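Hi,

Here is the structure I promised to pass on to you. Have a look at it first, and then read my notes below.

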Amino acid sequence: MPLQIIKNAAQSKLVRDRLTKWEANTALNQDQKDFIVELASWSAADDEIDLPTSDIVADNEEQDQAAIITNSQQFYEWFHSVERGMESGQESEYRNYINSLKDHRDRCDAILNGINDAIDRLKLLSEQYRIVSHTTEALHDNCEFLMQEQQDLEQLGTNIAQQLVYFTEHERIGSKLNSSAISVMGEAFVPMLLKIDECVEFMKEHPNYKESAVYLAKYQQCLVRALTLLRSHIVNLIRNIASSAMDALPKGEEIVPGHSSFGSLYSKFQSQGHRIKVLMEQIEERSDKNPEYLQVMQDCYTCYCYQRQTLILPAINLEIDRLFKVHDKDHCTFIRTSSMALIRICEDEFACIIAFFLGLI
């Protein structure tokens with residue numbers, strides 16, 4: 001379209017230039033001018049001169065019909081009006097298209113403004129989302145921190161509660177030890193003894209705890225009380241077994257190894273050994289770590305050996321005297337037979353003692 005307009009303008013300029021040149025080269029003389037005036041008068045008589053027009057310049061038809069060309073200037077003006085009409089007719093479609101494009105451009109501008117407004121809103125939403133996301137992340141981090149802190153506090157509380165048990169067990173243990181219903185052979189005695197040892201060990205390992213020395217002394221008192229009950233029970237039980245074995249011997253008879261009643265001195269002990277052995281295991285396991293247990297163990301050993309010596313020593317002396325009388329002139333035979341008798345007694349004593357103690361094996 002713009003190229004066509006440029007071509008039309010160039011052609012119009014060329015025509016004007018040629019007409020100007022033609023008018024300069026062909027100037028009218030007086031006769032020619034008079035003839036033109038006469039033609040004009042004839043034209044006035046026949047109304048107006050109808051100039052040729054085209055369908056494209058229909059809007060200017062009446063004005064062009066009424067125009068009367070009397071000189072070159074009027075011709076130029078008429079030609080320009082015709083040219084403009086032609087250009088207007090030729091450009092109407094393009095002008096409509098341009099107007100349509102302007103309408104589309106206006107709609108596109110409106111859409112673009114809407115898009116820009118939407119982008120601004122999206123930017124605002126994005127900023128708000130970033131703020132909310134940052135706040136959410138901060139809240140999440142704070143929640144995780146608080147949860148971790150809660151777990152740490154719970155763990156700390158559990159540890160404190162576990163360690164406080166060592167301070168609160170004293171009253172429960174003390175009440176049990178002072179109870180008249182306490183029994184060394186009861187199921188709760190050995191666990192209580194283990195708990196006392198555990199508390200004593202804890203207080204020794206944590207001397208920096210407040211009042212740990214005070215509670216250490218209290219638990220040691222409880223340990224002494226429990227070991228005293230344990231030693232008394234074992235010693236009394238050994239004495240009762242020895243007394244029962246002595247009472248079972250026939251009165252007025254000399255009891256020597258090999259006598260039918262001599263075996264009861266072992267059977268009575270071995271039948272009751274398991275009752276003492278269970279308690280002695282607890283003492284012997286701790287004797288190398290705690291001097292209180294070592295002292296109780298030695299007291300029990302001493303009591304057992306004393307009771308056994310009381311029971312079998314008279315029989316051994318009688319057997320040695322008997323063998324000496326039999327082999328008074330054969331010292332070698334005396335030594336051999338008496339040694340064999342002592343070996344048999346030692347074997348029987350070993351079988352008897354392992355039924356009570358493990359620490360002597």
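**A buried valine and its surroundings**

With a relative accessibility of 5%, valine 200 counts as buried, because the cut-off for that is under 20%. Please keep in mind that this is a predicted model.

Where does valine 200 sit? You will find valine 200 in helix H5. Leaving out residues up to four places away in sequence, valine 200 touches Leu216, Tyr219 and Gln220.

**How H5 packs on H6**

Two packed helices are described by the angle between their axes and the distance between the axes. For helix H5 (residues 189-205) and helix H6 (residues 212-247), the angle is about 150° and the axes are 9 Å apart. H5 and H6 are therefore roughly antiparallel to each other, as an angle over 145 degrees counts that way. Their crossing is left-handed.

Which residues make this contact? On the H5 side they include Leu193, Ile196, Val200 and Met203, and on the H6 side they include Leu216, Tyr219, Leu223 and Leu230. By class, the residues of the contact of H5 with H6 are 14 nonpolar, two polar and two charged.

**How H6 packs on H7**

H6 also packs on helix H7: their axes come within 9 Å and cross at roughly 175°. That makes H6 roughly antiparallel to H7. Among the residues in this contact are Leu230, Ile234, Ile238 and Ile241 of H6, together with Phe269, Ile276 and Met280 of H7. The contact of H6 with H7 has 13 nonpolar, four polar and two charged residues.

**The largest nonpolar core**

In soluble globular proteins, nonpolar side chains tend to be buried together. Here the largest nonpolar core has 55 residues, and those touching the most other members are Ile196, Leu230, Ile234, Phe269, Met280, Phe356 and Phe357. Helix H4 (72-177), H5, H6, helix H7 (264-286), helix H8 (291-326) and helix H9 (331-353) each supply at least two residues of this core. Which helix gives the largest share? That is H6, with 16 residues.

Enjoy exploring!

How values were computed: Residues numbered from 1 in each chain as written. Predicted model: local features only at pLDDT ≥ 70, side-chain atom pairs only at ≥ 80, totals over all residues. Heavy atoms only, no water. Axes fitted to C-alpha atoms, helices over the stretch in contact; angles between N-to-C directions. Helix = DSSP H or I, 4+ residues; strand = E, 2+ residues; numbered from the N terminus. Parallel < 35°, antiparallel > 145°, perpendicular 65-115°, else oblique. Left-handed = near helix turned anticlockwise from the far one by under 90°. Contact = heavy atoms within 4.5 Å. Nonpolar A, V, L, I, M, F, W, Y, C, P; charged D, E, K, R; others polar. Buried < 20%, exposed > 50% of the residue type's maximum accessible area, 1.4 Å probe, protein only. Core = buried A, V, L, I, M, F, W, Y, C linked by side-chain atoms within 4.5 Å.
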